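User: Hi! Could you walk me through a sheet and a loop in this structure?

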Amino acid sequence: MGPGMLRLLLKGLAPPLTEPVPAPSEVALRELAGAVDRAARGTLGRSLSIRHVDAGSCNGCELEIHALNNAIYNIERFGIRFVASPRHADVLLVTGPVTKNMREALQRTYDATPHPKWVVALGDCARDGGCFAGSPAVIGGVSKVVPVDLHIAGCPPPPIEILRGLLALLQPGTR
Amino acid sequence: MAAATLTDVILAGAPVPHHGPWPRVVVRPEGWADATELLAEGRATLLGLWGDGGWMHMALAGGENDIGVLSLECVGGRYPSVGQRHRPALRLERAARDLFGLEPEGNPDARPWLDHGVWGVRHPLGSPAKTTDAAPPYPFLTAEGEGLHQIAVGPVHAGIIEPGHFRFTANGETIVRLEERLGYVHKGIEGLMAGADLDRAARLAGRVSGDSTVAYGLAFARAVEAAWHADVPPRAVWLRALMAELERLANHLGDIGEICNDAAFALMHAHTGVLRERVLRASDLAFGHRLMRDRIVPGGLAGDIAEGGPAAIRALVDEIARVFPALVELYDDTASLRDRTVTTGTLDPALALEYGAGGYVGRASGRDADARRSPGYPPYDELAFAVPSREAGDVDARVWIRIEEVTESLSLVRQILDRLPAGPVRADPAPPPSIREGMAIVEGFRGDILVWVRTGADGRVERCHLRDPSWFQWPLLEAVVEGNIVADFPLCNKSFNCSYSGHDL
Ligand code: SF4
């Protein structure tokens with residue numbers, strides 16, 4: 001490939017591609033404002049380090065989390081990044097109905113995340129088990145295992161809604 | 001005496017009425033043994049093996065459209081293991097033992113597979129028995145030898161991926177053995193299916209593996225339609241294929257970039273990520289959901305394509321066709337990238353054949369199979385497309401299969417848009433007055449998905465089995481990483497991209 005082609009490819013990723021900054025989700029702001037144990041959970045800085053935990057998802061939610069990293073949503077411009085270890089995380093982003101086979105791993109990941117920490121339950125399954133509720137192999141929503149600060153609805157929630165939910169976490173008024 | 005062909009075994013069995021489109025026959029233990037020998041000798045391919053009350057069913061393909069389901073009554077809850085002669089059946093038998101309590105006599109692996117000991121119940125789909133025991137430790141295979149060490153990874157991984165456990169035995173940097181442990185995201189989908197009405201069952205099917213929601217929706221709908229002899233309006237048939245090809249495009253584009261990213265080449269990832277996003281947006285505009293979930297229902301579609309949909313999809317394929325060749329050139333010309341993918345994670349064609357590996361995993365190792373072509377289903381019989389296949393079997397070959405399939409899907413999308421029939425998109429099928437059974441095989445982006453369904457006189461699902469292509473790919477990942485360095489595992493893994501959820505169910 002010639003250098004011309006490479007330049008073209010690099011140029012194709014320049015800013016006009018990027019989605020404008022969305023407003024934080026109103027629903028998320030309300031849920032965060034109503035959280036009772038806010039003081040106990042501590043406060044967040046200007047950035048979010050997120051550890052993702054799939055606790056039983058169909059993998060649809062994961063696809064849309066992945067999309068946040070593409071050049072269109074470019075989530076790092078908001079100071080939001082995904083980290084590889086719970087020890088470096090201040091937010092756990094949990095997907096799926098929690099399966100019985102994943103309960104212990106979720107609990108351990110939560111325990112390994114230092115305070116202050118926030119838990120975001122992503123997707124309809126993470127709220128209440130979604131269409132898997134009632135299965136003997138499933139516990140249900142994430143809040144049945146660890147305390148949840150914020151729910152983001154959808155099956156899966158589109159990236160823009162995930163972003164708006166996470167931006168609500170970063171709003172000074174909500175901490 | 002070994003039977004000559006699958007047809008002989010089927011003819012010797014007692015046909016079960018109301019099963020379509022392929023025959024299902026009840027066989028005696030001899031017929032089961034004959035079929036097992038056919039598999040062991042490589043004269044038939046195992047398509048599925050699943051429990052159903054006190055029965056085991058086995059779906060096989062003996063050749064072009066020579067497909068059948070054999071059913072064996074498990075007297076005393078036991079049946080002769082197929083896996084003891086044909087390895088691809090091993091995990092399926094362990095799963096059926098966990099769920100139904102049916103014992104595969106002769107299966108050398110007595111360990112549970114999906115049941116991690118924490119359900120509070122044993123054999124949830126058979127005769128459930130409450131348990132209170134704490135989870136027993138899982139005995140991994142032991143490795144003894146000079147300088148060997150074990151590395152345990154997961155179930156939670158360092159990245160945005162599904163959970164599973166990998167136990168590596170390594171000699172220095174080199175992987176001597178990988179042992180997978182799966183089942184973490186087992187949701188009991190087949191249990192939830194039992195008794196579900198068609199709407200709910202279709203929604204569950206569309207959530208077996210989110211990345212293949214269209215393919216699963218299609219497979220479930222086709223299985224019901226086969227059982228009920230239900231007609232689907234032509235426009236719906238063509239729009240289903242349109243969605244299936246968009247899903248294939250989205251996954252291939254995303255994964256090509258992810259694979260390159262795991263080979264430390266981020267530029268490709270950046271570009272394919274944008275193209276994937278464009279596919280999802282066009283899909284959203286055309287069908288009202290980025291992943292096109294819950295659009296396919298038995299009898300047709302939940303709704304027609306939006307008015308601006310065809311134009312948006314045409315613009316999409318034009319854009320991909322404009323950008324993609326440069327990306328292919330970039331892949332081809334980047335030596336540092338090809339250094340990582342060529343000769344890495346090589347799958348022996350003989351193994352691909354033995355396991356009946358579907359999708360790019362099989363096709364990159366010479367297994368020239370695609371369910372759209374054989375057994376085939378409409379409208380693909382009226383469309384022109386090539387099924388790429390290669391022999392090298394390495395990460396590079398799997399990337400090239402994906403690349404070539406992107407091109408084919410672009411062409412298919414155009415052909416479909418050019419010839420999209422007019423008319424309604426849904427013909428609500430009337431439930432038959434009695435028990436019916438149907439099976440469907442559909443080509444998802446990852447390979448062939450099998451769905452088998454039985455509905456009762458009330459039109460509800462009695463039993464539904466959904467077999468993800470990953471069942472016949474996960475074991476091969478164990479094989480291909482042997483002799484590779486530990487650092488290349490993520491690359492090998494991504495080039496397979498097996499579904500955890502689809503497998504764990
Ligand atoms: S919310 Fe939907 S996309 Fe997310 S895990 Fe559940 S079924 Fe899958």
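**A sheet and its helices**

Analyst: Happy to, and please keep in mind that this is a predicted model. In chain B, strands β4 and β5 (residues 55-63) run antiparallel and are joined by 7 bridges.

User: Which residue of β5(B) stands opposite B:Leu46?

Analyst: Strand β4 of chain B covers residues 45-52, and β5(B) is joined to β4(B) by 7 bridges. The residue in β5(B) that stands opposite B:Leu46 is B:Leu60.

User: Which are the edge strands of the sheet in chain B?

Analyst: The 5 strands form an open sheet with mixed pairing, in the order β1-β3-β6-β5-β4 (chain B). An edge strand here pairs on one side only, and in chain B these are β1 (14-15) and β4 (45-52).

User: What angle does helix α2 of chain B make with β5(B)?

Analyst: Helix α2 covers residues 29-40 of chain B and lies across β4, β5 and β6 (66-73) of that chain. Its angle to β5(B) is about 45 degrees.

User: And what angle is there between the directions of helix α3 of chain B and β4(B)?

Analyst: Helix α3 (residues 90-100) of chain B packs on the sheet, where it touches β4 and β5 of chain B. Its direction and that of β4(B) make about 10 degrees.

User: Is B:Gly195 buried, partly exposed or exposed?

Analyst: B:Gly195 sits in the loop between α4 (189-193) and α5 (198-205) of chain B. Its relative accessible area is 39%. Buried would need under 20% and exposed over 50%, so B:Gly195 is partly exposed.

User: How far apart are the C-alpha atoms of B:Gly195 and B:Arg460?

Analyst: Beyond its neighbours within four places in sequence, B:Gly195 is in contact with B:Arg460 and B:Val461. B:Gly195 and B:Arg460 lie 265 residues apart along the chain, yet their C-alpha atoms are separated by 5.8 Å.

Methods
Residues numbered from 1 in each chain as written. Chains lettered and ligands numbered in written order. Predicted model: local features only at pLDDT ≥ 70, side-chain atom pairs only at ≥ 80, totals over all residues. Heavy atoms only, no water. Pairing = 2+ DSSP bridges. Helix = DSSP H or I, 4+ residues; strand = E, 2+ residues; numbered from the N terminus. Contact = heavy atoms within 4.5 Å. Axes fitted to C-alpha atoms, helices over the stretch in contact; angles between N-to-C directions. Buried < 20%, exposed > 50% of the residue type's maximum accessible area, 1.4 Å probe, protein only.
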